[in-house]
Amino acid sequence: MTILVVNAGSSSLKLDVLDPRSGDRRAVVRVERIGTDTPTVRWNGAPAEPIEGADHAPALAACLPGLLAHARAIGAVGHRARPRGGALDSPPPPRDQRRR
């Protein structure tokens, strides 16, 4: 079993397939320049190649078959969320202490 870790930024998509026991990366995919006329994809450190689609959904759809070929069995998927701004930089207060 492997874990697919997704980090979707405003103009990039980073996909890593990890072995949860060893922490080894089985596949590394980087899609860059999403939202432009020239998005590219890099597989496992290879040189960047043009990719179809200028949005996150088509980029992910284009990468999934290759990721599945490297991973064989993805048992879990996680998304790394890194919010910007002060409103989401810490956990929310307990329910009984929230403003209403």
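Colleague: Which side chains does a salt bridge of 3.0 Å, N to O, bring together?
Modeller: In this predicted model, that salt bridge joins the side chains of Asp16 and Arg30. The two residues lie 14 positions apart in distant parts of the chain, Asp16 in strand 2 (residues 12–18) and Arg30 in strand 3 (residues 25–32).

Colleague: Are Asp16 and Arg30 buried or exposed?
Modeller: Both Asp16 and Arg30 are buried. For Asp16, the relative accessibility is 11%, and buried means under 20%.

Colleague: What does Asp16 form with Arg25?
Modeller: The side chains of Asp16 and Arg25 form a salt bridge at 3.6 Å, N to O. Arg25 has a relative accessible area of 56%, so it counts as exposed.

Colleague: How many salt bridges are there in the structure?
Modeller: The structure has four. One of them pairs Glu32 with Arg42, with 3.3 Å between the closest N and O atoms. That pair also links distant parts of the chain, ten residues apart: Glu32 belongs to strand 3 and Arg42 to strand 4 (residues 40–43). Glu32 is partly exposed at 31% relative accessibility, and Arg42 is partly exposed at 30%.

Colleague: Which residues do shared partners join into one network?
Modeller: Asp16, Arg25 and Arg30 are joined in that way by their salt bridges.

Colleague: Changing topic, what pattern does the chain follow along the sequence?
Modeller: The order is β-β-β-β-β-α-β, with one helix and six strands.

Colleague: And what share of the 100 residues is buried?
Modeller: Buried residues account for 23% of them. The accessible surface of the chain is about 7200 Å², and carbon and sulfur atoms contribute 51% of that surface.

Terms used
Residues numbered from 1 in each chain as written. Predicted model: local features only at pLDDT ≥ 70, side-chain atom pairs only at ≥ 80, totals over all residues. Heavy atoms only, no water. Helix = DSSP H or I, 4+ residues; strand = E, 2+ residues; numbered from the N terminus. Buried < 20%, exposed > 50% of the residue type's maximum accessible area, 1.4 Å probe, protein only. Areas by Shrake-Rupley, 256 points an atom, 1.4 Å probe, with all protein chains shown as cover.
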